[in-house]
Amino acid sequence: MQKEILEYLGADWISVRDLISEALHSDIGLLSSVNDNLLSHSGKMLRPVLTLLMARALGGKANLSSCRYAAAAELLHNATLLHDDVADASLERRGAPTVNALLGANAAVLVGDFWLAKAVEMILSSKEHQETVVTLFSKTLVDLAEGEMLQLEKASSADTRESDYFRIIGCKTASLFEVACESAAVSVGASDDYRKAAREYAHAAGLAFQIKDDILDYAGNSQLGKPLGIDLKEQKITLPLLCAMQGSPREAEIRSMIRDIHERPEYCGVVRDFVLERGGVEMAAARLDDFIEKAERSLDVLPDSMARTFLVELVRFNAFRNV
């Protein structure tokens, strides 16, 4: 499906890739080498794909501003990953060593700052709708910081509730989907109703994407872009575990294990078995289906188009993807 979508986006997709590559050019050898390596392991690049598809679904075609906002969304996303790898002491991402692992935390933070600055430059390079789009991206940065801090706070206390979980993934994942899609709506001068539809689709799709990632952390395979069980090692209580603890007399015991997991790493296996035996994965999958349906319904106000069809297919893909 990804190949079909990229062929459909055609010259717009090439433009986004060129904009990102040009933005990351540096005459500093080490920085250039790191950036090239990161681009070669750039993953699905889902956020810029969403930007371009949404622009077409709302306005019939994308434009240069759409492409710039798509590139900015990807640059910002990767900046946050570089910083997250430092916060989480992650040594691997997308099957390759992180900058944190190769060069250390200081270099990873600096490279992340470089990508973040380039995202800002990309946004400002489009003179149209500048104030509106800057406001959207600024809100996303606030959301990302607040989500990360809330996650860190809850990791140490192991008292994450469902409302905390959804706030965390809303800030850390859905916010980037939202800015990707809403900036697309702004770039094509979409009506308020269409802009609302784009925002609602993105929010639900972002939550669905993260819930699936959290399910795969318990029930995935070795092809996943991060080692399985990493969430537990980082004391993150995600939806499969929250579902499994509902009504269980072992909830206090399990939360205590999460608090002590750094000293007792064998608890990871105990907690994972608990989630699988209690049907936590299946219950989380049912919630995932709800958000997929919500994302689809939000597009009902849009006219039929190939772009809209691809947006629906992308969110449905979360139901069965393994990576």
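**Briefing: helix packing, cysteines and selected residues**

Leu39 is partly exposed, at 22% relative accessible area (partly exposed lies between buried, under 20%, and exposed, over 50%, with a 1.4 Å probe and protein chains only). This is a predicted model, in which local features need pLDDT of at least 70 and side-chain atom pairs count only at pLDDT 80 or more, while totals for chains, interfaces and linings use all residues. Residues are numbered from 1 along each chain as its sequence is written, and side-chain values use heavy atoms, with hydrogens and water left out.

**Leu39**

- Leu39 sits in helix α3, residues 29-40 (helices are DSSP runs of H or I, at least four residues, and strands are runs of E, at least two, numbered from the N terminus).
- Setting aside neighbours within four places in sequence, Leu39 contacts Ile20, Ser21, Leu24 and Trp115 (contact means heavy atoms within 4.5 Å).

**Helix α5 against α8**

- Helix α5 spans residues 64-87 and helix α8 spans residues 130-157.
- Their axes come within 12 Å and cross at roughly 20° (axes are lines fitted to C-alpha atoms, for helices over the stretch in contact, with angles from 0 to 180 degrees between N-to-C directions).
- α5 and α8 are therefore roughly parallel (under 35 degrees is roughly parallel, over 145 roughly antiparallel, 65 to 115 roughly perpendicular, and the rest oblique).
- α5 passes α8 in a right-handed crossing (right-handed if the near helix is turned clockwise from the far one by less than a right angle, left-handed if anticlockwise).
- On the α5 side, the contact is made by Tyr69, Ala72, Ala73, Leu76, Thr80, Asp84 and Ala87.
- On the α8 side, Val133, Phe137, Thr140, Leu141, Leu144 and Glu148 take part.
- By class, the contact of α5 with α8 has 9 nonpolar, 2 polar and 2 charged residues (Ala, Val, Leu, Ile, Met, Phe, Trp, Tyr, Cys and Pro count as nonpolar, Asp, Glu, Lys and Arg as charged, and the others, Gly among them, as polar).

**Helix α4 against α5**

- The axes of α4 (residues 46-59) and α5 come within 8 Å and cross at roughly 155°.
- α4 and α5 are therefore roughly antiparallel.
- The crossing of α4 past α5 is right-handed.
- α4 contributes Arg47, Pro48, Thr51, Leu52 and Ala55 to the contact.
- α5 contributes Ser66, Cys67, Tyr69, Ala70, Ala73, Glu74 and His77.
- The contact of α4 with α5 divides into 7 nonpolar, 3 polar and 2 charged residues.

**Cysteines**

- The structure holds 0 disulfides (a disulfide is a pair of cysteine sulfur atoms within 2.5 Å).
- Cys67 is in no disulfide, and the nearest cysteine sulfur, that of Cys181, is 15 Å away.
- Cys67 is buried, at 3% relative accessibility.
- The sulfur of Cys268 is 19 Å from the closest cysteine sulfur, in Cys243, which is too far for a bond.
- Cys268 is also buried, with a relative accessible area of 14%.

- Most residues other than glycine have a negative phi.
- Ala158 is not a glycine, yet has a positive phi of about 55°.
- Ala158 lies in the loop between α8 and α9 and is buried at 0% relative accessibility.
- Gln235 is not a glycine either, and its phi is positive at about 65°.
- Gln235 lies in the loop between α11 (230-233) and α12 (239-245) and is buried at 10% relative accessibility.

**Other buried residues**

- Thr160 is in the loop between α8 and α9 (162-187) and is buried, at 3% relative accessible area.
- Excluding residues up to four places away in sequence, Thr160 touches Lys154, Tyr165, Ile237, Leu242 and Arg255.
- Ile211 lies in helix α10 (residues 192-219) and is buried, at 0% relative accessibility.
- The C-alpha atoms of Ile211 and Ala117, 94 residues apart along the chain, are separated by 29 Å.
- Arg308 is in helix α16 (residues 306-316) and is buried, with a relative accessible area of 16%.
- Not counting residues up to four places away in sequence, Arg308 touches Ala57, Leu299, Asp300, Leu302 and Pro303.
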